[in-house]
Structures are given as structure tokens and as C-alpha cells.
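Welcome! Take a moment with the sequence and the model, and then let us walk through a few of the parts together.

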Amino acid sequence: MSRFLNTKYADLEAYTPGEQPRDKQYIKLNTNESPYPPSPQVLAALTGQDLEDLRLYSDPEGTALREKLAALYGCQPGNVFLSNGSDDILNFAFMAFAQDGAVFPGLTYSFYPVFADLHKVPYATVPLKEDFTVDVEGLCGTGKFTVLANPNAPTGIALPLSEVEKILASNPDRVVVIDEAYVDFGGESAAGLIDQYDNLLVVMTYSKSRSMAGARLGFALASRPIIQDLEKIKYSTNPYNVNRLTLKLGEAAVDSDAYFRDNAKKIMATREKTTKALRALGFTLPDSKSNFLFVKKEGLDGGLLYQKLKDRGILIRHFSDPRIAQYNRVTVGTDEEMEAFLEAVKAVMAEEGLA
């Protein structure tokens with residue numbers, strides 16, 4: 001780092017995104033992207049006029065897209081907030097609501113502690129139970145800004161909506177964020193609760209089920225006052241945070257919502273087949289409600305499996321955290337990609353004398 005960096009950031013440990021190597025062609029099962037392309041409507045949405053109009057700023061309100069999302073989720077446009085990916089919304093939420101501290105599960109999306117450290121927010125973590133499920137009672141009544149990924153990452157385990165409500169009801173004077181990046185793969189969304197709980201902020205993304213990770217589009221649903229708080233932060237940082245092309249693609253994605261729902265069903269079916277096959281090979285993994293699996297094989301080092309699969313042209317996600325260093329997170333791809341993954345796993349097991 002340079003000698004000019006503000007000293008308060010000197011010890012900041014930045015988030016590490018999933019690797020995007022360019023040295024050869026890989027089967028990418030490491031960053032939870034969709035294996036399927038955006039819908040035909042999305043692919044056909046842009047015209048030459050849209051490209052010419054890049055000389056103009058985008059609509060800072062994202063009016064048309066907010067109206068479409070509101071209709072899809074049964075709320076008002078004023079209950080919708082748009083941003084440059086859901087991570088931006090999480091960042092804004094830490095800025096806006098965590099002045100008295102934050103709490104989140106001890107094993108979850110690793111960006112949460114980064115945001116807390118970035119904004120000098122003191123935080124506490126609640127350890128997961130032995131089976132990797134979230135300790136709901138530990139998150140209840142903390143009196144702190146609370147963040148819960150549901151389904152959780154990297155485990156893929158989802159809480160039922162009744163358990164989410166317990167957390168919301170026990171913390172009425174603090175915002176509770178439900179990060180639903182993976183909810184479309186079998187979880188229960190809290191979106192229908194925003195009128196019931198004025199402290200609820202539901203965060204969603206186009207990066208997973210909607211096959212638009214590269215478009216960088218996220219949205220949140222909440223009571224109007226919470227949305228206004230987020231808007232104040234946005235208009236104080238980057239009011240044109242969603243570009244013109246992404247807004248139009250986002251509208252087309254809503255118009256073709258059934259296409260993405262069908263793809264999510266295909267991914268869930270592939271997930272169940274792969275889960276069954278891995279368990280037959282002796283792997284341990286929780287029941288996932290996401291588009292990834294959290295896997296471990298006794299006697300097979302997690303880091304070794306990651307490296308040997310990478311050598312074979314298959315990328316999965318390995319974590320250095322000692323609590324989960326023997327696990328790997330595997331994105332669910334197409335049936336063909338997962339068959340290739342399983343064959344490579346069998347080859348590694350044979351090399352290690354575990355076949």
C-alpha cells in the first residue's frame with residue numbers, strides 16, 4: 001500500500017472474490033454463477049438506440065424497473081431499492097443502520113465482517129450449531145443490527161420463514177437484513193413480510209437465479225422509511241449507480257421471470273442428483289437449498305481436492321478458514337458439468353487410494 005492511505009484502513013482485510021483464471025478453459029464451479037444464459041428476452045432487449053443513449057445518464061430512480069419488481073413481489077415501487085449488485089446494498093446497510101454494532105452467524109458470507117471493519121462497526125458472531133444450522137436463539141433479542149444470509153453461505157442450509165420471524169420479532173428496534181441471494185433455489189422468501197415488520201430489509205440479486213452476475217444488479221425490499229434511508233446514502237455517494245443498459249436488461253428479466261424459475265428448477269434437480277452421487281462416494285454434505293454444495297470427504301484433504309480438480313480443469317471454491325478447510329463449496333452446473341466433476345472426483349479418490 002502507499003504511504004498516502006488513510007491509517008484507519010491500514011489493517012483492513014479485504015474480501016477475496018472467487019478466482020477468475022484466464023490461463024485455460026475451466027468448468028467453473030467456484031463462484032455460484034448460473035450455468036444457463038439469460039433469457040432470450042434479455043438477450044434481445046438492447047437496440048442500437050440504447051447504445052447511442054449511453055451518452056445520457058441513467059434514470060437514478062430506475063423507475064420502470066422498480067415498478068416491474070414491485071408488481072412481481074406484490075409491493076409498491078417505493079418499497080424497492082436498486083443498486084449495483086447486492087453487495088452495494090449490504091454496504092449501504094452497514095453504513096446506515098449499524099451504529100450500535102452488528103451481529104451475524106459465525107460462519108456465513110465473508111463480506112459481512114469486511115463491511116463491519118470498513119465502517120468501524122463493532123460486531124459479534126453467533127457460532128453455528130454442530131450440524132451447521134444457524135443458532136436462531138443466539139440471534140434473537142440482541143439489540144443489534146442483524147444480518148442473516150438465508151439460505152446461508154457457504155453451507156447452503158435454509159431456515160424456515162417461522163424462524164426468520166422469530167429473529168425479526170425479537171429485535172423490533174434494529175434493522176434485520178435477510179440476504180436472499182440464493183432463495184430461488186428452494187428457500188422461503190421473507191419478501192411478503194415487509195408490511196408486517198418495519199425493521200425488515202430483504203436483499204436480493206440478479207447474479208444467481210437470473211443469470212446476470214456480469215450485469216451487476218441487486219435490489220432490496222423494505223418499508224418505505226428504510227428505502228428512503230438507503231436512498232439518502234446512495235444519493236450521497238453515487239446517484240447513477242445502475243447504468244442504462246443494466247436497467248433495461250433488468251426489466252426484460254422480470255418480464256421473463258418464468259424462464260429463470262424453470263432454470264432454478266433444473267439446477268435444483270441437478271443438485272439433488274449430485275448430492276446423491278457424492279454421498280454414495282462417502283462425502284458428507286448438508287441438505288442444500290442453494291445453487292451450491294458444501295462437501296467433505298473423510299481422509300481427503302480439502303485443499304488437495306481443490307488443487308487436483310483445478311489441475312484437471314475444474315474450479316471449485318476452497319476456504320482457508322481452519323473451521324472449514326476440509327470442506328469445499330461446489331457450484332451446481334449443468335448435468336454434463338456435474339458428471340465431469342464427479343468423474344474427476346473419482347479419479348482423485350483413486351489416486352489417493354480412496355476408491
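**A sheet and a pair of helices**

Ala102 stands opposite Phe145 in strand E5. This is a predicted model, where local features need pLDDT of at least 70, side-chain atom pairs count only at pLDDT 80 or more, and totals for chains, interfaces and linings use all residues. Residues are numbered from 1 along each chain as its sequence is written, and side-chain values use heavy atoms, leaving out hydrogens and water.

Strand E3 (residues 102–105) and strand E5 (residues 145–149) run parallel, joined by two bridges. Strands (E, at least two residues) and helices (H or I, at least four) are DSSP runs, numbered from the N terminus; two strands pair if DSSP finds at least two bridges between them.

Now step back to the sheet: seven strands form an open sheet in the order E2-E8-E7-E6-E5-E3-E4, with mixed pairing. At its edges are strand E2 (80–83) and strand E4 (123–126), each pairing on one side only.

Next, look at the helices. The axes of helix H4 (residues 86–97) and helix H5 (residues 111–118) come within 9 Å and cross at roughly 45 degrees. H4 is therefore oblique to H5. Axes here are lines fitted to C-alpha atoms, for helices over the stretch in contact, with angles from 0 to 180 degrees between N-to-C directions; under 35 degrees counts as roughly parallel, over 145 as roughly antiparallel, 65 to 115 as roughly perpendicular and the rest as oblique.

Which residues meet? Asp87, Leu90, Asn91 and Phe94 in H4 meet Phe111, Tyr112, Phe115, Ala116 and Leu118 in H5, where contact means heavy atoms within 4.5 Å.
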